[in-house]
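Please look at the sequence and the structure shown here, and then follow the report, which takes up a few selected places one after another.

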Amino acid sequence: MFEVFKKELRELLRDKKTLMFVVALPVLIFPIIFGTLGYFMAQAHLNAEQEVHTYSIVGDENATGFSESVFYHKNFKLQNDLKFNSKEELENAVTEGLIDLGIYISSQPIINDKKKSTVKIEVIYNNSSRVNYITEKINKIFSAYKILVQHKNLKDLGITKQQEQDFVLLPIELELIDSSNARESFGEKIGILLPYLLIPIVLTGASYPAIDLGAGEKERGTLETLLLTPITRTHLVIGKFITILTASLATSLITVISLGTWMYIAKQFISISFITDAIELIGTVDLILILLLLIPLACIFSSLVLAISIYAKTFKEAQNYMGPLSILTFFPLAISMMPNMELNVKTSLIPIVNISLAIRELLKGTVEYNHVYLIIGSTSIIAIISILFCVKWFNKEEVLFR
């Protein structure tokens with residue numbers, strides 16, 4: 001069995017394609033992808049923040065303070081060459097892309113007092129853009145203008161003292177106090193994303209070696225020669241399984257180490273003290289438990305992909321079978337991200353969902369360790385069943401020589 005393991009591992013290390021997926025992807029490609037993605041997202045938000053929006057306004061005389069605030073705002077530019085007289089014309093102009101937003105201000109007299117009126121400001125814009133700060137900027141202008149109008153109306157009503165005006169405008173004060181610490185806040189955010197990285201990596205790290213050790217052997221015609229050696233098929237499949245498992249876990253470890261290294265390098269240039277302080281609060285036991293959670297999952301993935309690879313006739317056919325397996329992996333990950341999904345006895349028994357929730361709770365520092373032990377136990381049972389199925393599957397002539 002170990003002779004098979006050493007032989008298969010030696011061949012994997014000689015295969016440049018496998019090394020690329022096991023080593024190059026985690027060390028270089030993934031950090032480059034995430035770094036590039038983060039850079040372009042930051043640039044998109046920066047451009048959206050600095051973008052100047054063209055606008056046109058109808059009824060500006062009804063709220064001169066508001067219209068002047070918009071006019072002098074650095075992110076808005078009045079389109080002087082276009083004149084509109086109604087709300088419908090503004091809507092058409094925005095739809096046709098002539099202006100970015102239209103502002104329609106109407107004034108409605110109060111029935112009991114014809115000298116006083118209420119003002120309604122309608123902002124027309126296209127919100128199809130994924131990064132759009134128009135509403136945020138308009139809301140800030142509106143909030144400041146609203147306070148000025150409120151204080152003016154109170155003065156007109158005879159309430160002139162600042163203390164009395166504050167009493168009317170702010171009779172009740174609401175203060176929200178977040179009791180979570182830095183680690184809980186960090187764990188809640190990163191704990192949702194980290195399983196999306198680690199769990200598919202565990203599967204990816206197992207898939208490519210498995211394809212080569214199963215379907216690849218068939219294509220090269222070396223499987224028959226291997227079966228003629230004085231080694232039982234059970235030892236043969238276990239040796240291949242251990243090789244795939246080693247590659248899967250190695251890929252996961254390399255990914256984590258690579259991300260940690262790149263984060264340390266980024267720390268020298270970018271201030272991310274909040275993240276590093278939160279990471280320092282995570283205990284060694286919790287990190288070990290995250291690794292222990294991934295080991296039985298890697299066993300399940302390794303046995304499944306080996307069984308698929310042995311069944312496939314060619315390398316290409318095996319790759320086609322791996323696609324649906326990847327999709328099935330993301331389905332439980334999506335479930336774990338649903339609102340109100342918490343780690344309990346029931347969710348601890350759902351494969352992949354339980355590991356995703358447990359990683360989040362471990363990072364937050366709010367996990368119940370009994371649930372973690374239950375997950376490791378239940379996943380280990382599934383892993384053993386998967387390995388036994390793979391062994392039985394490998395011993396079928398119709399599978400090996402189909």
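N75 counts as buried, because its relative accessibility is 3%, where buried means under 20% relative accessible area, exposed over 50%, and partly exposed in between (1.4 Å probe, protein chains only). The model is a predicted one, in which local features need pLDDT of at least 70 and side-chain atom pairs count only at pLDDT 80 or more, while totals for chains, interfaces and linings use all residues. Residues are numbered from 1 along each chain as its sequence is written, and side-chain values use heavy atoms, with hydrogens and water left out.

N75 sits in the loop between α3 (64-71) and β2 (76-78); helices (H or I, at least four residues) and strands (E, at least two) are DSSP runs, numbered from the N terminus. When its neighbours within four places in sequence are left aside, N75 is in contact (heavy atoms within 4.5 Å) with E49, Q50, E51, V52, H53 and K137. A polar atom of the N75 side chain lies 3.1 Å from the backbone oxygen of E49, and a polar atom of that side chain also lies 3.1 Å from the backbone oxygen of E51.

I352 belongs to another loop, the one between α13 (315-336) and α14 (353-364). The phi of I352 is near 70°, which is a positive value in a residue other than glycine.

| Residue | Relative accessible area | Class |
|---|---|---|
| I352 | 10% | buried |
| C299 | 11% | buried |
| C390 | 3% | buried |

In general, a disulfide is a covalent bond between the sulfur atoms of two cysteines. With a disulfide taken as a pair of cysteine sulfur atoms within 2.5 Å, the count comes to zero.

Which residues lie nearest the centre of the second largest pocket? They are S117, T118, V119, V149 and N153, out of a lining of 20 residues. A pocket is here an open set of points on a 1 Å grid over the protein atoms alone, where a 1.4 Å probe fits, with protein on both sides within 12 Å along at least five of seven lines, and lining residues have an atom within 4 Å of a point. The volume of the second largest pocket is about 680 Å³, a volume being the space filled by probe spheres set on the points. At least two residues of this lining are supplied by each of β3 (101-110), β4 (113-125) and α5 (134-156), and the largest share, nine residues, comes from α5.

How values were computed:
Polar contact = N/O pair within 3.5 Å; in protein donor to acceptor, adjacent residues only side chain to side chain.
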